[in-house]
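Walk through this model with the ligand site as the starting point.

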Amino acid sequence: MAAASPLVADLEWATGLMHPGRVVVTRRLSDMVETYEDEAAVAAALGDDPLIYEAYECEGESETPTAPGELVFRTTVIYPGTIGDEYFMTYGHDHVRPSGEVYMGLAGHGQIIMQLQSGEVQTAEIVPGRCVYVPAGWSHRTINDGGEPFVFLAVYDAAAGHDYGAVATRGFAARLYRGPAGPQWSPPQPTTSTAA
Ligand code: S6P
Ligand code: ZN
């Protein structure tokens with residue numbers, strides 16, 4: 001197999017846009033109605049069919065690598081908003097080929113939920129400059145719980161592949177709601193700390 005070519009791109013931290021870049025994921029509410037619990041709120045919002053999130057990759061002279069051993073880097077912007085009491089979020093997925101992933105916050109405020117097949121859940125807040133390692137085997141979903149676009153960078157195995165089936169079937173074991181005192185996990189999750 002021919003060696004992949006080096007790629008160079010500039011990131012706009014506030015928007016996630018890459019130069020040169022291209023849109024690789026666009027999800028509107030109609031693409032993910034089953035994600036939200038409040039069916040009446042979904043039905044009411046479907047008229048506008050809001051753009052929930054987009055993802056971007058850089059565009060080089062060659063294709064995005066797909067071979068094992070190579071890496072892909074991708075930005076995601078989740079727009080601010082709610083459907084009922086749930087914030088705009090990604091669909092969430094598993095990697096087909098067990099492989100880890102590094103997330104880094106670029107703008108806004110969000111949270112990530114990670115879940116093992118055993119049901120064990122971990123959550124973490126993501127703010128600009130914070131890195132989260134998602135080990136192999138953990139399903140993951142990100143959520144914008146702030147009032148601005150939540151932008152993050154993800155770096156992962158080019159051969160990872162994305163499987164949305166398990167998340168569609170069993171969802172995640174915790175949901176993040178807009179509560180009177182701010183974002184609230186149900187069931188409650190430990191507060192994230194970066195302190196040792
Ligand atoms: C890829 C990485 C992210 C997501 C993106 C969209 O492994 O985790 O780039 O693809 O945030 O989320 P989703 O669940 O629609 O793929
Ligand atoms: Zn992933």
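This is a predicted model: local features need pLDDT of at least 70, side-chain atom pairs count only at pLDDT 80 or more; totals for chains, interfaces and linings use all residues.

D49 is placed in the loop between α1 (39-45) and β4 (51-58). The phi of D49 is near 45 degrees, a positive value in a residue other than glycine. Most residues other than glycine have a negative phi. Keep D49 in mind; other backbone details follow below.

Now turn to ligand 1. Where does ligand 1 sit? Its place is the largest cavity. The shell around ligand 1 counts 17 residues. Those that come nearest are Y53, E101, Y103, H162 and Y164. Sorted by class, the shell holds seven nonpolar, seven polar and three charged residues.

Which strands supply at least two residues each to this shell? They are β5 (71-78), β9 (101-107) and β14 (150-157). Strand β14 gives the most, with three residues.

In R74, an N or O atom of the side chain is 2.9 Å from an oxygen atom of ligand 1. For E101, a polar side-chain atom lies 2.9 Å from an oxygen atom of ligand 1. H95 also takes part: one of its polar side-chain atoms is 3.1 Å from a ligand 1 oxygen atom. How much of ligand 1 does the protein bury? Taken alone, ligand 1 exposes 390 Å², and the protein buries 99% of that.

Aromatic rings come next. The structure holds three aromatic pairs. One of them joins Y103 and F152. Their ring centres are 4.9 Å apart and their planes meet at 25 degrees, so this pair counts as stacked. The cut-off for stacking is an angle under 30 degrees. Y103 belongs to strand β9 and F152 to strand β14, so the pair ties together parts that are 49 residues apart in sequence. Y103 is also one of the residues that come nearest to ligand 1. Both strands, β9 and β14, supply residues to the ligand shell.

Return to the backbone for two peptide bonds. Most peptide bonds are trans. The bond from H19 to P20 is cis, with omega near -5 degrees. P20 lies in the loop between β2 (18-19) and β3 (21-28). What is the form of the peptide bond from S186 to P187? It is cis, with omega near -5 degrees. P187 is found in the segment after β17 (182-186).

Methods
Residues are numbered from 1 along each chain as its sequence is written. Chains are lettered from A and ligands numbered from 1 in the order in which they are written. Side-chain values use heavy atoms; hydrogens and water are left out. A residue is near a molecule or strand if one of its heavy atoms lies within 4 Å of it. A polar contact is a pair of N or O atoms within 3.5 Å; within protein, one must be able to donate a hydrogen and the other to accept it, and residues adjacent in sequence count only if both atoms are side-chain atoms. Accessible areas come from the Shrake-Rupley method with a 1.4 Å probe; for residues, only the protein chains shown count as cover. On a 1 Å grid over the protein atoms alone, a cavity is a set of points where a 1.4 Å probe fits but cannot get out, and a pocket is an open set with protein on both sides within 12 Å along at least five of seven lines; lining residues have an atom within 4 Å of a point. A molecule sits in a cavity or pocket if more than half of its atoms lie within 2 Å of its grid points. Helices (H or I, at least four residues) and strands (E, at least two) are DSSP runs, numbered from the N terminus. Ala, Val, Leu, Ile, Met, Phe, Trp, Tyr, Cys and Pro count as nonpolar, Asp, Glu, Lys and Arg as charged, and the others, Gly among them, as polar. Rings of Phe, Tyr and Trp (its six-membered ring) pair if their centres lie within 6.5 Å; planes under 30 degrees apart count as stacked, over 60 as edge-to-face and the rest as tilted.
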